[in-house]
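User: I'd like to get to know this model before I plan around it. Could we go through it together, one question at a time?

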Amino acid sequence: MKMKKTLSLLLASALSLSLLAGCGSKPAGSQAGSTPPAGSTPPAASQTGGKQYDGVTINMWSMWSSGEPQANVIEAAAAAFKEQTGATVNIEFKGRDVNKVLSASLEAKEKIDIIEDDYQRIANTYPNILDLTDMAKAVNYDSFSYACLNNQVIEWVGHLNSIVEQPQIGGFFYDKAAFSAAGVTAAPATWAEFLDACQKIKDSGVAPIAQDAAYCDFAFYHQLTRHLGEDKITELDMNGGWSGTKAEQAAQDIIDLIGKGYFVDGAPDEFPSSENKIGFGQAAMIVCGNYVTAEVDTQTGSQVDWGFFNYPAVDGGVENSAAYAGANSLAITSYSENAQAAFDFIIFLTTGEMDQKMATEAKQIPADTRNKAYPSLEGSVEALLATEKPMTWCAGFHANTDLKDTIKSLCVELFEGKYATGADFCKALDALY
Amino acid sequence: MRKNKAMIFWFCLPALLSLVLMFVYPVCRTVLMSFFQVESVTATMADWSFYGLGNYTKIFGSASFMISMRNMLLIWFVGGIFTLAIAMLMAVTVTSGIRGKKFFRAAIYMPNIISAVALATMWIQYIFNYDYGLLNEIVQFLGGDKVKWLGTDLKFWAMTGSFIFGSVGYYMLIYISGIEGIPQDLYEAATIDGASKVHQFTHITLPLLKGVMKTSVTFWSINATTFYLWSKMFSPIDTESSTIVPVIYLYDIVFGGKGITKRDAGAGAAVGVVLTLIIIVVYLITERLFRGSDLEY
């Protein structure tokens, strides 16, 4: 019987151990902890004639999925970086939902050296992110990056904690061919010029504006920002009182666009149906982030000759030159044992040849201002460099997190033509409070 | 005997430990967390600050949460009536001896083996599409004007309809298994006594399926309460009030959404607790309504 008892104990222990083994970590050899701390000093291997980061392993969590153009460039950069410095970059492609696991993983101090995500979330959400100010100064980062994005991060956090990898800009993206065919020779800068361009495009047989429901709040937010400014929007978003403000005029402007028949048939449509109509030659322009150009080209198989202009200024507007700007950025964990190597890899990826490769293959704006944007995004680097303070994504609408979903739906209704006047729309907004 | 009991205990221990660690502990932690102000799900208890019923007050005072609850109840009630009624109709039809029973059973169950993402994409991009969608083709063929099936007025019902389409097959199989378990001699006796098919359905099939109906109502309640993917698919970029459900609300406040960096794991835990309570209440009501339904033939 004693034998039986021992056997049962052994079996139970084996079962428990197998369960625990499943939850265990990677072999010690694969952990960054097995490599010597780098800091600003190259690892010991370099002192014996090897490459600078021989034996160093950097763990990166990417927001892309394996096989995407961005992921391919990151992999190519990792291979080239290993060749050059000896450092191995282990990349885990976590996909767009990386933000759902990053906070918990960073709090638990998982073996991550580099994270990649939206720069606003890196600044305001994630714990244990390293201050990169000194490292950035050492490479003269300011001289080849976008001041508006760096300043925004510093305003949020108090210091620079991320390096821009894929900058974004928002505004009107248009089909140059449709504009030319309609006789619109210059991008409209004012609301009056914009209306004139819309009429000419409509007369040429093409619908001037495409609009997907998913971006109705983003589009209306531009018009509202021109009339009210972001601070005022935030204030109204929190407390109500939209009626009697210039929000009525902003809503009326949209209602007038609908009345004049400037939106493409079906707008606001279900994403991405309406934006695709630019690729099919049925619409001429859309308010969106720069990624819309790559989306439309890929989804429709077309090669639209894209142009970009900032959202037009309105008469008596308060923030007439503001433009949405954002970025996917890279950051280093504060507990990384290879912070300098990680930073060197980030700079390797976001400058020079690799950054140009990213801009070209992923059809993006380059992170390195000395590089060239993908042809369809021509002018975006200059526009970003000229931006002083970027608009954040519907920030004023998102101040009141409790109402943001309802306000978004009201914006869709506005573009659906459900309100007779701007005042009616503002009354509907005020009814939420 | 005592030795054998010890052996049973040791063999059960790993499973018990796993259950406690992976199920009981998270449940207890979530319930506890719902009474504290906690920013991050993984924050240590030292970072929690007692909030009493504050999280519950917050979510029940939230317009978004109340809209999400209304949407969920509509999916549960209206969707439930349609799904379970259609499933019952299909099950009765398929088991009535029609030709091609296997084909119909497979065809109706088919949506369940297709990924819900693919299914939702088909509905959004093909069936409901404004320009070339199947429904608008039919409407135009009949001489009507195109309808915005995914506009703010109809989006919720478009989503619920698609969900019903994807769910009917599963409940049909449950009903089929219940119907096939009813002894055939009951129907034969009823036929000899002159009972019509409708009478046989209302006086034999339905009463004897009470137990199966109880199970399907419970399963449906769990499905409706944890409704998530279809809502995400019908609001691809950001949450909209026409499609928001409690799990989406929970997800947004715990992890943040597009352009949203504020997180509130405590309120998220409160939402989780409320949803669990709803399922328990529905289960208890169902148990009471269908009491004495466990039959042996």
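This is a predicted model: local features need pLDDT of at least 70, side-chain atom pairs count only at pLDDT 80 or more; totals for chains, interfaces and linings use all residues.

User: Over which residues of chain A does pLDDT stay under 50?

Analyst: Residues are numbered from 1 along each chain as its sequence is written, while chains are lettered from A and ligands numbered from 1 in the order in which they are written. pLDDT is the predictor's confidence in each residue, from 0 to 100. The stretch where it stays under 50 has 45 contacts beyond four places in sequence (a contact has C-beta atoms, placed from the backbone, within 7 Å), and it covers residues 14-47.

User: Which element of chain A has the highest mean pLDDT?

Analyst: Chain A has a mean pLDDT of 88, with 89% of its residues at 70 or more. Its 20 helices and eight strands are DSSP runs numbered from the N terminus (helices are H or I with at least four residues, strands are E with at least two). Among these elements, helix H2 (residues 44-47) has the lowest mean, 45. At the other end, with a mean of 98, is strand E5 (residues 207-210) of chain A.

User: How many residues of strand E6 of chain A are buried?

Analyst: A residue is buried if 20 or more other C-beta atoms lie within 10 Å of its own, exposed if 12 or fewer, and partly exposed in between, with C-beta atoms placed from the backbone. Of the 433 residues of chain A, 52% count as buried. Strand E6 (residues 283-289) of chain A is mostly covered, and its buried residues number six of seven.

User: Which residue of E6(A) is the bridge partner of A:Ala210?

Analyst: Two strands pair if DSSP finds at least two bridges between them. E6(A) pairs with strand E4 (residues 163-175) of chain A in the antiparallel sense over five bridges, whereas three bridges join E6(A) to E5(A) in parallel. The bridge partner of A:Ala210 in E6(A) is A:Ile286.

User: How far apart are the C-alpha centres of the two domains of chain A?

Analyst: The domain bounds come from an automatic or database domain assignment. The contact between them takes eleven residues from domain 1 of chain A and twelve residues from domain 2 of chain A. On the domain 1 side, the largest share, three residues, comes from helix H17 (residues 380-386) of chain A. The C-alpha centres of the two domains lie apart by 34 Å.

User: Which helix gives the largest share of the side of chain A that touches chain B?

Analyst: The contact takes 42 residues from chain A and 38 residues from chain B. Elements giving two or more residues to the chain A side include helix H4 (98-107) and helix H19 (404-416) of chain A. That side divides into 16 nonpolar, 14 polar and twelve charged residues, where Ala, Val, Leu, Ile, Met, Phe, Trp, Tyr, Cys and Pro count as nonpolar, Asp, Glu, Lys and Arg as charged, and the others, Gly among them, as polar. The largest share, eight residues, comes from H1(A).

User: Why is helix H12 of chain B described as largely enclosed?

Analyst: The buried residues of H12(B) pack against H4 of chain A together with helix H3 (63-94), helix H11 (229-234) and helix H13 (265-289) of chain B. Among those buried are B:Tyr249, B:Asp252 and B:Phe255. Helix H12 (residues 246-255) of chain B is largely enclosed by the rest of the structure because its buried residues number nine of ten.

User: Is B:Leu173 buried or partly exposed?

Analyst: B:Leu173 sits in helix H7 (residues 155-180) of chain B. Its C-alpha atom is separated by 7.9 Å from that of B:Arg105, 68 residues apart along the chain. Because B:Leu173 has 18 C-beta neighbours inside 10 Å, it counts as partly exposed.

Definitions and conventions: Two residues are in contact if their C-beta atoms, placed from the backbone, lie within 7 Å.
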